[in-house]
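Please look over the sequence and the coordinates shown here before reading on. The report below is meant to be read beside them.

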Amino acid sequence: MTLFAHLAGRSPWLYRINAGSCNGCDVELATTACIPRYDVERLGCRYCGSPRHADIVLVTGPLTIRVKDKALHLWAEVPDPKVTVAVGVCPISGGVFRESYAIAGPLDRFIPVDVNVPGCPPRPQAIIEGIAKAIEIWAQRL
Amino acid sequence: MGFLKVLLNNLMKGPATEAFPFGPPPAAPHYRGRVAFDPASCTGCGMCELVCPGGAIRIDRDAAGLQLTIWHNTCVFCGLCAHYCLSKAIRQTDDWHLAHPQAEKFHLVERGRVSMIPCVGCGKPILPLSDEVMRLAFKGRTTEIERLRRLCPDCRRIASIREMRHAHRSLV
């Protein structure tokens with residue numbers, strides 16, 4: 001089991017939930033993974049298509065009323081232990097959509113968030129910094 | 001044989017990947033990052049609070065002065081506050097290291113306090129005028145201007161009129 005924890009701690013898989021984001025943060029997340037200049041895979045991470053394979057969840061968007069239940073359902077499908085990262089100011093505080101009638105957020109009202117990466121959108125290096133912090137937490141939780 | 005040239009070029013150029021987080025982070029020129037506040041230059045006009053789209057800036061006014069609070073977690077780095085700040089009390093740094101654990105969420109703030117000073121004429125508390133504002137408003141700095149600087153608006157009006165009447169009399 002310790003060998004498994006050692007190996008898994010070095011290769012967390014990322015899963016991305018768009019909770020009503022404007023797509024800006026999602027573009028930066030794609031950039032972080034796909035462009036060799038940033039290359040998040042150096043940290044042992046990779047994006048996966050199913051929440052059931054994920055270890056670190058990256059949530060973007062202010063959690064709109066319309067998408068809230070689906071996003072929370074999706075988050076609940078990620079097996080424990082998991083690390084939640086709020087990417088962009090929207091899930092952290094609501095950003096420019098704060099106190100809007102159409103949003104249910106901030107995200108930490110509904111689920112425990114571990115790392116915040118503020119920015120609108122955060123630059124790829126900031127996202128890498130946030131993911132590096134999340135990997136430290138993930139290694140402790142295993 | 002074109003591929004040999006490409007291969008050679010790639011070997012010479014080295015990796016395209018930035019070293020961060022294993023090496024020093026690159027700083028882009030004119031990067032709009034974390035907002036910094038300098039209370040010594042603030043005139044308390046409140047324009048930054050008005051234009052901030054995310055509501056990241058709050059100004060609390062009391063009898064002793066004003067306190068400006070910037071919460072970086074709802075700042076969108078648009079730069080409107082720095083653009084509209086006449087006295088350049090608010091500026092944007094190139095610092096982007098803002099990722100933080102959840103426990104620090106509400107500690108990611110910048111605070112600055114501007115204290116009132118008493119008017120030299122009547123003793124009423126006024127906000128001090130910064131050097132930057134004086135530079136913007138007047139070309140040169142005379143002793144007369146320096147004297148007006150420490151007066152409240154009412155005393156300044158009276159002093160200016162008195163000065164003008166005095167000048168008028170001496171002309172006539």
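## The interface between chain A and chain B

In this predicted model, the contact between the two chains brings together 29 residues of chain B and 29 residues of chain A. The area buried between chain B and chain A comes to about 2,400 Å², and carbon and sulfur atoms account for 54% of that area. On the chain B side, Glu18(B), Ala99(B) and Gln102(B) supply 23% of what chain B buries against chain A, which is more than any other three residues.

Polar features are also found at this interface, where 17 residue pairs are in polar contact, counted with both residues at pLDDT 80 or more. Sorted by class, the side of chain B that touches chain A consists of 18 nonpolar, 9 polar and 2 charged residues. The interface of chain B and chain A holds 2 salt bridges, and Asp108(A) forms a salt bridge with Lys105(B), in which the closest N and O atoms are 2.6 Å apart.

An open sheet of 6 strands runs in the order E2(A)-E1(A)-E3(A)-E4(A)-E5(A)-E5(B), and its pairing is mixed.

## Two domains in chain B

Chain B is divided into domain 1, covering 31-115, and domain 2, covering 116-165. The contact between them draws 15 residues from domain 1 of chain B and 8 residues from domain 2 of chain B, while the C-alpha centres of the two domains of chain B lie 27 Å apart.

Domain 1 of chain B and domain 2 of chain B bury about 750 Å² between them, with 66% of this on carbon and sulfur atoms. Within domain 1 of chain B, the residues that lose the most area to domain 2 of chain B are Thr43(B), Ser87(B) and Ser115(B), which together make up 46% of what that side buries. Between these domains of chain B there are 0 salt bridges, and 2 residue pairs are in polar contact, with both residues at pLDDT 80 or more. Strand E3 (65-71) and strand E6 (109-115) of chain B each supply at least two residues of the domain 1 side that touches domain 2, and by class that side has 7 nonpolar, 6 polar and 2 charged residues.

## Backbone details in chain A

The peptide bond from Asp80(A) to Pro81(A) is cis, with omega near -5°, and Pro81(A) is found in the loop between helix H3 (65-76) and strand E4 (83-87) of chain A. The peptide bond from Cys120(A) to Pro121(A) is also cis, with omega near -10°, and Pro121(A) lies in the loop between E5 and helix H5 (124-141) of chain A.

Asn23(A), although it is not a glycine, has a positive phi of about 90°; Asn23(A) is located in the loop between E1 and helix H2 (24-34) of chain A.

Methods:
Residues are numbered from 1 along each chain as its sequence is written. Chains are lettered from A and ligands numbered from 1 in the order in which they are written. This is a predicted model: local features need pLDDT of at least 70, side-chain atom pairs count only at pLDDT 80 or more; totals for chains, interfaces and linings use all residues. Side-chain values use heavy atoms; hydrogens and water are left out. Domain bounds come from an automatic or database domain assignment. Contact means heavy atoms within 4.5 Å. Buried area is the accessible area (1.4 Å probe) that two parts lose on being put together, summed over both. A salt bridge is a side-chain nitrogen of Lys or Arg within 4 Å of a carboxyl oxygen of Asp or Glu. A polar contact is a pair of N or O atoms within 3.5 Å; within protein, one must be able to donate a hydrogen and the other to accept it, and residues adjacent in sequence count only if both atoms are side-chain atoms. Helices (H or I, at least four residues) and strands (E, at least two) are DSSP runs, numbered from the N terminus. Ala, Val, Leu, Ile, Met, Phe, Trp, Tyr, Cys and Pro count as nonpolar, Asp, Glu, Lys and Arg as charged, and the others, Gly among them, as polar. Two strands pair if DSSP finds at least two bridges between them.
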